[in-house]
Amino acid sequence: MFEVGVCEAGVCEAAFGEGQAMSAKPAVRTSIRATAIGFLAGALSACVSTPPPPLPQDQMSRTQVETAPADLQLLCADAAAKASGADSSKILPVSSSKIDSTTYRVELDASGKKTSCLVDTEGNVKSVQPT
């Protein structure tokens, strides 16, 4: 008839009898699978995160440098060509920066010879010197 507390092959047959305890085995497997899938989904969702918001413009890692306008860079290239006697098409501006409110420094390359030029915002070349 009914045996209480009999365990065979890891499945305990409670007060339901021999055939009834076997139907609990697939239910346990399904429950274990669902739990495992839940843990896996939780672990994977923990790995996905939203990117941090971008930094405000004033906190960027690059410093903001104001470069000389193109026309002032070309004026420096022309002045450097005249000072060195070189062809102005061979003198290239490579960098520039604002020194104060009215003056820019333009770094030039004249076929491998480095030159520095100071020019104001009105287009007046203040100096051309080899570096």
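Leaving aside residues up to four places away in sequence, which residues does alanine 80 touch?

A: Alanine 80 touches Ile91, Leu108, Thr115 and Val128, when residues up to four places away in sequence are not counted; contact here means heavy atoms within 4.5 Å. The model is a predicted one, in which local features need pLDDT of at least 70 and side-chain atom pairs count only at pLDDT 80 or more, while totals for chains, interfaces and linings use all residues. Residues are numbered from 1 along each chain as its sequence is written, and side-chain values use heavy atoms, with hydrogens and water left out.

The chain as a whole gives the setting. It has three helices and six strands, and from the N terminus on the elements follow the order β-β-α-α-α-β-β-β-β. Helices (H or I, at least four residues) and strands (E, at least two) are DSSP runs, numbered from the N terminus. Of the 131 residues in the chain, 19% are buried, where buried means under 20% relative accessible area, exposed means over 50%, and partly exposed lies in between (1.4 Å probe, protein chains only). Among contacts between residues at least 6 apart in sequence, 26% join residues at least 24 apart.

Alanine 80 itself has its place in helix H3. With a relative accessible area of 5%, alanine 80 is buried. Leucine 92 is twelve residues from alanine 80 along the chain, and the C-alpha atoms of the two are separated by 9.9 Å.

One of the contacts of alanine 80 is Thr115, a residue of strand E5. Threonine 115 is buried as well, its relative accessible area being 12%. Apart from neighbours within four places in sequence, threonine 115 is in contact with Ala80, Val106, Glu107, Leu108, Val128, Gln129, Pro130 and Thr131.

A disulfide is a covalent bond between the sulfur atoms of two cysteines, and it is identified here as a pair of cysteine sulfur atoms within 2.5 Å. By this rule the count is one disulfide, and it joins cysteine 76 to cysteine 117 with an S to S distance of 2.0 Å. The pair links distant parts of the chain, with cysteine 76 in helix H3 and cysteine 117 in strand E5, 41 residues apart. The link of cysteine 76 and cysteine 117 is left-handed, with -70 degrees about the S-S bond. Both cysteine 76 and cysteine 117 are buried.

The strands come next. Two strands pair if DSSP finds at least two bridges between them. Strand E3 (residues 91–98) and strand E4 (residues 103–110) run antiparallel and are joined by seven bridges, and a hairpin of four residues connects E3 to E4. Across this pairing, proline 93 stands opposite leucine 108 in E4, and serine 95 stands opposite glutamate 107 in E4. Strands E4 and E5 also run antiparallel, with eight bridges between them. There, glutamate 107 stands opposite serine 116 in E5. The hairpin of E4 and E5 has two residues between the strands, and in it serine 111 takes a positive phi near 50 degrees.

Alanine 80 also belongs to the lining of the largest pocket, together with Ala83, Ser84, Ala86, Ala110, Lys113, Thr115, Val128, Gln129 and Pro130. On a 1 Å grid over the protein atoms alone, a pocket is an open set of points with protein on both sides within 12 Å along at least five of seven lines, whereas a cavity is a set of points where a 1.4 Å probe fits but cannot get out; lining residues have an atom within 4 Å of a point. The largest pocket holds about 170 Å³ of space, a volume being the space filled by probe spheres set on grid points that are joined across faces, edges and corners. Helix H3 (70–84), strand E5 (113–120) and strand E6 (125–130) each supply at least two residues of this lining. The lining residues divide into six nonpolar, three polar and one charged. In this division Ala, Val, Leu, Ile, Met, Phe, Trp, Tyr, Cys and Pro count as nonpolar, Asp, Glu, Lys and Arg as charged, and the others, Gly among them, as polar.

In summary, alanine 80 is a buried residue of helix H3 whose contacts include Thr115, and both residues line the largest pocket.
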